[in-house]
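Please keep the sequence and the coordinates at hand while reading.

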There are 2 protein chains.
Amino acid sequence: MREAAAADNRPYHHGDLRRALIDAAQRLLEAEGPTALSLRAVAREAGVSPAAPYHHFKDKGELLDAVAHEGWDLLNELMTEARASHSLVRDKLTALGVAYVRFARDNPALYRVMYDCSRDKESLPEHVHAENDSAYCQVRDTLVEAGAGPMDEQELELATTAAWCAAHGLAEMFAFKQFDHLKDALGGDDAFLRGVFEHMGIFGKAHHG
Amino acid sequence: MREAAAADNRPYHHGDLRRALIDAAQRLLEAEGPTALSLRAVAREAGVSPAAPYHHFKDKGELLDAVAHEGWDLLNELMTEARASHSLVRDKLTALGVAYVRFARDNPALYRVMYDCSRDKESLPEHVHAENDSAYCQVRDTLVEAGAGPMDEQELELATTAAWCAAHGLAEMFAFKQFDHLKDALGGDDAFLRGVFEHMGIFGKAHHG
DNA sequence: ACTGAATCTGGACGCCGTAAAGATCATCTT
DNA sequence: AAGATGATCTTTACGGCGTCCAGATTCAGT
């Protein structure tokens, strides 16, 4: 009397509680924001006791790490798409920036968790800087393509960091109504986004004229 | 038998508890970081009961707001100094950026509180954008001085926002060890800071050569 | 000096993260 | 097939948190 590991009827003790907890956390994050994301609430949402998560995560931080990890993966995917959908190198770089900020705008709570987790450990997750297709490497590689001539390795890292900083700064500013009048005047979020990027040296030279 | 409102002997019920609470919060913030900053801990540090703060602040958020406000004031001062200590407009702009990021680096916990408070209200405190000598206005005015010819009002706001985003992004990145090897290679925090700024169009044209 | 309002304390409530001990159930051994 | 083993989940509990309320204390205006 136990029909497979379906969604309806719990197969094992719970099935795959680890997965269910991460999903519940993501659901709560979208619905209630980062402040409402307590371990107990996640357990409640997943339908288990408050102590159950401790069999799958060392503590609350490790659950958030898992959520953040999936956030970075999603961001990497979006940036890969953005980069692939343009042929001109200069368009690629801007597309990367736009994809980055758009992700932050569309998933503000998740974006916040991604950086908050890193803050405690004082370093971004390894796979953000890892070998291939990581967000950082995509920016760097695109900068190489766009670069006029061979670049100093150090100079390249500086430029990548600069682009990252610029995108992150813009992503954070999106949370503040302070800039709404600018967005409206320019005709929406995306126009505002491109407008700011145009003023940042890394993303296509500025001075609009 | 009550000798004035000295520091030693509590004059009134406490003296100026509001002031004492803000000071205690700042002290705890520096010593233990933002996560340790509970309302109870602040009350403890100030030597009063856990409920005492509620006669001076609506809730915990309002206390943090007060701390954040003083943080912005300090930042404004530092930027005013930085701007005044350079005569060339281009140096002024870079000096503003350096002062901003240096403030964030030297007071990471306070810097975090300043933005976290704003996040909940979805807008920065008014006096950041206010008439004179606010951080935002100083950047904007310096951009006007540096700008080639008269600038569109909208364009000016975009440029100011771009500079702000860039500085904020860089300020946040300082928390991550990820960039330590770059800092070391360049010979310290300040060199790293200037290196990144050089790659941001707003702060002096990039391309180092 | 008396009254009213402001300020502080003590205790309580419901939340939180986390730990320990006991119950339940799949799997492995024989 | 039966029982041992270990993973998974629940119950209970502890201390800390933000916040409210009822009482005590002290200031300020009359």
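Is D65(B) buried, partly exposed or exposed, and what is its relative accessible area? D65(B) is partly exposed, with a relative accessible area of 28%, where buried means under 20% relative accessible area, exposed means over 50%, and partly exposed lies in between, for a 1.4 Å probe and protein chains only.

## Basis of the values

The model is predicted, so that local features need pLDDT of at least 70 and side-chain atom pairs count only at pLDDT 80 or more, while totals for chains, interfaces and linings use all residues. Residues are numbered from 1 along each chain as its sequence is written, chains are lettered from A and ligands numbered from 1 in the order in which they are written, and side-chain values use heavy atoms, with hydrogens and water left out.

## Salt bridges

Over all chains, the structure holds 36 salt bridges, each defined as a side-chain nitrogen of Lys or Arg within 4 Å of a carboxyl oxygen of Asp or Glu. In one of them, E45(A) pairs with R27(A), and the closest N and O atoms are 2.5 Å apart. Because E45(A) lies in helix α2 of chain A and R27(A) in helix α1 of chain A, the pair ties together parts that are 18 residues apart in sequence; helices here are DSSP runs (H or I, at least four residues), numbered from the N terminus. E45(A) is partly exposed at 35% relative accessible area, and R27(A) is partly exposed at 43%.

In chain B, D65(B) forms a salt bridge with K121(B), with 3.1 Å between the closest N and O atoms. This pair links distant parts of the chain, since D65(B) sits in helix α3 (residues 60-84) and K121(B) in helix α5 (residues 108-121), 56 residues apart. K121(B) is partly exposed, with a relative accessible area of 44%.

## Helix α2 of chain A

Helix α2 of chain A spans residues 39-46, and its buried residues are L39(A), A41(A), V42(A), A43(A) and A46(A). Their cover includes α1 (17-32) and α3 (60-84) of chain A. Just after α2(A), G47(A) takes a positive phi of about 80 degrees.

## Relation of the two chains

The same surface serves both copies, as 100% of the contact residues of chain A recur in chain B, contact meaning heavy atoms within 4.5 Å.

Terms used. Helix = DSSP H or I, 4+ residues; strand = E, 2+ residues; numbered from the N terminus.
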